[in-house]
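Biologist: I am new to this structure and would be grateful for a close look at one part of it, namely the charged side chains. Please place them within the whole before turning to the individual residues.

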Amino acid sequence: EGRARASLPGPYLGFTGARADGRPPFVTRIEDLSRCAWQMFLRRRLRLEPVRDPLAALPQLEARLRGSAAHAALERVVREAGAPHRVALDAAIAAGPVRVAWPDAGRITAIAFEESARVAAEAGVRNAGLVRVLARWTETALGVVRDTDWREGPVEVAGAELEWHAEVEDAHGRTRRIGFRVDRADRIGA
């Protein structure tokens, strides 16, 4: 029994036990584990970040921060329209889609600023000028989404940030459940 336990992944391979909530691991965690288990353990599990040299470069808006702000703002557009969010995919589909109209320009500006400020604060960005730049960038990104997805009018949205899983077979023939999150699910036609 000891040898069997010793052959399982441990903390030095980025595995520190099952999730407390019993949900399957997300596919992004497994991808991180395959790239470098130790970095995955330090960054994802312990939430450590490299120390930045304040004299090395001017402040900048990293792609991850911009993406997080745009995702949060788009999720809010969908959520404010009454579509399900942060629920299981099958529950959102069973509830039926919500017809989401694109908000007016003033509301988009407000959403972009509020969500950018929130995301920036969570990331430790306190510079008001950078927050304004992030908000402007987010507003521009939302314009692209509007022109792409909402160009023909309201969209039938099943929900945003919906969780689901896939069943995959590992190298030993065992079925494993891998979790993932759907940014937004739309109903198109039937």
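Modeller: Helices (H or I, at least four residues) and strands (E, at least two) are taken here as DSSP runs and numbered from the N terminus. The model is a predicted one, so local features need pLDDT of at least 70 and side-chain atom pairs count only at pLDDT 80 or more, while totals for chains, interfaces and linings use all residues. Residues are numbered from 1 along each chain as its sequence is written, and side-chain values use heavy atoms, with hydrogens and water left out.

The protein contains 7 helices and 3 strands, and from the N terminus on their order is α-α-α-α-α-β-α-α-β-β. Taken along the principal axes, the box filled by the C-alpha atoms is roughly 65 × 55 × 25 Å. A contact means heavy atoms within 4.5 Å. Among the contacts with a separation of 6 or more, 67% are between residues 24 or more positions apart. Accessible areas come from the Shrake-Rupley method with a 1.4 Å probe, and for residues only the protein chains shown count as cover. The accessible surface of the protein is about 12,900 Å², and carbon and sulfur atoms hold 55% of that surface. A residue is called buried under 20% relative accessible area, exposed over 50%, and partly exposed in between (1.4 Å probe, protein chains only). Of the 190 residues in the protein, 29% are buried.

In counting charges, Lys and Arg are positive and Asp and Glu negative, while His and the chain ends are not counted. Each charge is placed at NZ of Lys, CZ of Arg, CG of Asp or CD of Glu. There are 30 positive and 26 negative charges, and their mean positions lie 4 Å apart.

Side chains of opposite charge can pair when their charged atoms come close. The term salt bridge is used for a side-chain nitrogen of Lys or Arg within 4 Å of a carboxyl oxygen of Asp or Glu, and the structure has 19 of them. In one of these, Arg99 pairs with Glu156, with 3.5 Å between the closest N and O atoms. Because Arg99 belongs to strand 1 (residues 98–100) and Glu156 to strand 2, this pair ties together parts that are 57 residues apart in sequence. Arg99 is exposed at 55% relative accessibility, whereas Glu156 is partly exposed at 26%.

Strand 2 (residues 155–169) also includes Glu161, to which I return below. Another salt bridge joins the side chains of Arg177 and Glu167, at 3.0 Å from N to O. Here Arg177 is in strand 3 (residues 175–186) and Glu167 in strand 2, so the pair ties together parts that are 10 residues apart in sequence. Arg177 is partly exposed, at 42%, and Glu167 is likewise partly exposed, at 47%. Arg176 forms a salt bridge with Asp170, and the closest N and O atoms of that pair are 3.2 Å apart. Salt bridges with shared partners also link Arg76, Glu80, Arg107, Glu114, Glu115, Arg118 and Glu122 into one network.

Glu161 has a positive phi of about 55° although it is not a glycine. This residue counts as buried because its relative accessibility is 9%. Leaving aside residues up to four places away in sequence, Glu161 touches His71, Glu75, Arg86, Val87, Arg181, Val182 and Asp183. Arg86 sits in the loop between helix 4 (63–80) and helix 5 (89–95), and at 52% relative accessible area Arg86 is exposed.

Finally, there is a group of like charges. Patches are built from residues with over 30% relative accessible area and no salt bridge, where like charges are joined within 9 Å and nonpolar side chains (Val, Leu, Ile, Met, Phe, Trp, Tyr) within 5 Å. Arg29, Arg45, Arg47 and Arg64 form such a patch of positive charge on the surface. Among them, Arg45 is part of helix 3 (residues 37–45) and is partly exposed, with 45% relative accessibility.
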